[in-house]
Structures are given as structure tokens and as C-alpha cells.
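Subject: Handover of a structure and its findings

Dear colleague,

I am handing over to you the structure shown below. Please look through the sequence and the model before reading the notes that follow.

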Amino acid sequence: MTTPCIICVAITGSVAKKADNPAVPITVAEQVESTQEAFEAGAAIAHCHVRNDDESPSSDPEKFGRLLEELRKHCPGMIIQFSTGGRSGSGKSRGGMLPLKPDMASLTVGSNNFPTRVYENPPDLVDWLADEMTTYNVTPEIEAFDLSHIHTAVAMHKAGKLPGKLYIQFVMGVKNAMPVDFDVFEYYIRTVERLAPGTEWCAAGIGRHQSTLNEWSIRAGGHARTGLEDNVRLDKSTLAPSNAALVKRTVGICEDHARPVATCAQAREILGLRAVSPGTELDQMNHRLM
Ligand SMILES: [Zn+2]
């Protein structure tokens, strides 16, 4: 049977602002509403950053906590993934929300250039983030901006330094990092297969490349990421009206390639995650007690 495609929606990020697209959700309330629509449209993973009220990036654990609680309530079963990316904070503040025990967190295991700066991921910080994820049972999603990141992630996983099943995302189209290159994309897949057979992978394309990477990934049996973090447009002249609209576009690409879209339960099984989030279990228990 064809493996169902897990759709991840990256709802906010740390760069896109309301001036770029008014649909970018900034406050926790906006994020919850936008994620719920995306969940109903078929997304199984929500990749989340939080923002200050002035739209600047934040790493405030209190905000992450409120978001997690609300998403568990409004999107039952959805996989909640927090970003530990470097644009939202520096040093250990990037992992300050991991004790909240989201299902997953992003993890970049090496450095590279970004459009205007170095994306710094020194080995000691990477090890600390991985240790925190192990402590709090948070499964990492490896963000591979470069081939070396795939090698490092596999080595860390084999050494028992990463909890859970290995899950690697190829990121293409960030200026000054890996461009959108089909030969490299195919080589990434072959490298994952060779170093860690059977590992699930996904891909994200930035800006106008978002649908290209969706297409390549869905066709090749991988999983797909969409959302306003990576791209604010449906096409050159049309702003995406919502995260849900981008998810629907990805669902359409799945239909074109006869790939079923993974439910949250299927996505949890594929990624080796607990069947329901602890909050949901607690809610169900409370419900039974009532
Ligand atoms: Zn992100």
C-alpha cells in the first residue's frame, strides 16, 4: 500500500509579517484559528513559532505553553512541533520551551548561511538541544539545509543521541543555502536510504519553490511541508488567503499522484509518536471521571 503523505503546516515562522500577507497569524488566538482551519483541510503536523505583539520573533515559553494548550483543545490528535530555529532566540533560549513536551521539535544539526547572516548551530548547542529532547521525550524533525546535516543526524541517531525515530526534512531554496536542485534532491533521498534505510523524510521549498518541493516529495514517496512561514503566495500575483489554502493545494498535489493524505493517527504511527498527546489523554481521563 502507498504510504500516506503527512502534510505539515508551518503556520507563522519568524520572518513573514502582516505587511507581507495579512493572513500570517501572529497572536496565539490567530495562530489557533489558522491552525484549526489547516487541520480541517488535512494538515497532521503544525510547525510553530511564537511572536511578540509587535510581530518580532519570540522564544517565550509562556506563549508556547498557551499555544500548545489551545491547539490540543482545538485540533485533537494533531502533532504539535515547536521550532528551535535560530531566528527566534539565541543559545539555550532556543530550547527553553522543550519542557512543555510538544510531540516534536525542529532540530538543525549544523551551521550554514542564511540570506543575511550565518545560521549558527555549534556542536555543543546541538548536543544540548538533543539532550533536552531526549529528557522530555520530544521527537526531533531534522532540518537538513545541507548534505552534511544528513550525515550528522544519522551519526547522532546511531549513537543514541536523538530520541525516537529519525525523521529528516530537506530544506531547499533558502538564499545562500542549498538551492532547489533536483539532482541534489534525489541524492539526498539516496543518501538517507543508504545511511539509514527505511527512514521517513520530507521536504520544504521556500517561496515560489514550495509547490515544486511538494510535487517532488509527494511523487517520490516523501512527506510534504507547506504554510505561510515558507511562502505567502498561491502564485506570483495572488497572496495565499490562509494556511488552509496552502494545505488544500498540497492535498490537491497528493490527489494528482494518488497519494492518500495521512490522518493524524496515521502520521503518529508513521513517525513512531505516542498515539495521543498527554494533554488529550488527561482530558479523556477527566472526561471519564466526570
Ligand atoms: Zn520554522
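The notes below go through helix contacts, the nonpolar core and some individual residues.

Please bear in mind that this is a predicted model.

Helix packing

Two packed helices are described by the angle between their axes and the distance between the axes.

H1 passes H2 with a right-handed crossing. On the H1 side, the contact involves Val28, Gln31, Val32, Thr35 and Gln36, and these meet Lys63, Arg66, Leu67, Glu70, Leu71 and His74 of H2. Sorted by class, the residues of this contact are 4 nonpolar, 4 polar and 3 charged.

For helix H4 (residues 147-158) and helix H5 (residues 182-195), the axes approach within 11 Å and the crossing angle is roughly 15°. H4 is therefore roughly parallel to H5, since angles under 35 degrees count as roughly parallel. The crossing of H4 past H5 is right-handed. From H4, the residues Leu147, Ile150, His151 and Val154 meet Tyr188, Thr191, Val192 and Leu195 from H5. This contact of H4 with H5 has 6 nonpolar and 2 polar residues, and no charged ones.

The pair of helix H6 (residues 210-219) and helix H7 (residues 243-256) has axes that come within 10 Å and cross at roughly 35°. The crossing of H6 and H7 is right-handed. Here Ser211, Asn214, Glu215 and Ile218 in H6 face their contact partners Arg249, Thr250, Ile253 and Cys254 in H7. By class, the contact of H6 with H7 comprises 3 nonpolar, 3 polar and 2 charged residues.

The nonpolar core

The largest nonpolar core of the model holds 80 residues. Within that core, the residues with the most contacts are Ile7, Ala43, Ala44 and Ala46. Ala43 touches Ile7, Cys8, Val9, Ala38 and Val247, when residues up to four places away in sequence are not counted.

Buried residues

Phe170 lies in strand E10 (residues 167-172). Phe170 counts as buried because it has 29 C-beta neighbours inside 10 Å, and 20 or more are needed for that class. Residues up to four places away in sequence aside, Phe170 touches Ala144, Phe185, Tyr188, Trp201 and Ala203. Tyr188, one of these partners, is also among the H5 residues that meet H4. Between the C-alpha atoms of Phe170 and His149, which are 21 residues apart along the chain, the separation is 9.5 Å.

Cys75 is located in the loop between H2 and E5. Cys75 is buried because 21 other C-beta atoms lie within 10 Å. Apart from neighbours within four places in sequence, Cys75 is in contact with Thr35, Gln36, Phe39 and Ala46. Among these partners of Cys75, Thr35 and Gln36 also belong to the H1 residues that meet H2, and Ala46 is one of the residues with the most contacts inside the largest nonpolar core. The C-alpha atoms of Cys75 and Asp256, which lie 181 residues apart along the chain, are separated by 27 Å.

Partly exposed residues

Leu147 is found in helix H4 and is one of the residues there that meet H5. Leu147 counts as partly exposed because it has 15 C-beta neighbours inside 10 Å.

Glu55 is partly exposed because 16 other C-beta atoms lie within 10 Å.

With kind regards

Technical notes: Residues numbered from 1 in each chain as written. Predicted model: local features only at pLDDT ≥ 70, side-chain atom pairs only at ≥ 80, totals over all residues. Axes fitted to C-alpha atoms, helices over the stretch in contact; angles between N-to-C directions. Helix = DSSP H or I, 4+ residues; strand = E, 2+ residues; numbered from the N terminus. Parallel < 35°, antiparallel > 145°, perpendicular 65-115°, else oblique. Left-handed = near helix turned anticlockwise from the far one by under 90°. Contact = placed C-beta atoms within 7 Å. Nonpolar A, V, L, I, M, F, W, Y, C, P; charged D, E, K, R; others polar. Core = buried A, V, L, I, M, F, W, Y, C linked by C-beta atoms within 7 Å. Buried ≥ 20, exposed ≤ 12 C-beta atoms within 10 Å, placed from the backbone.
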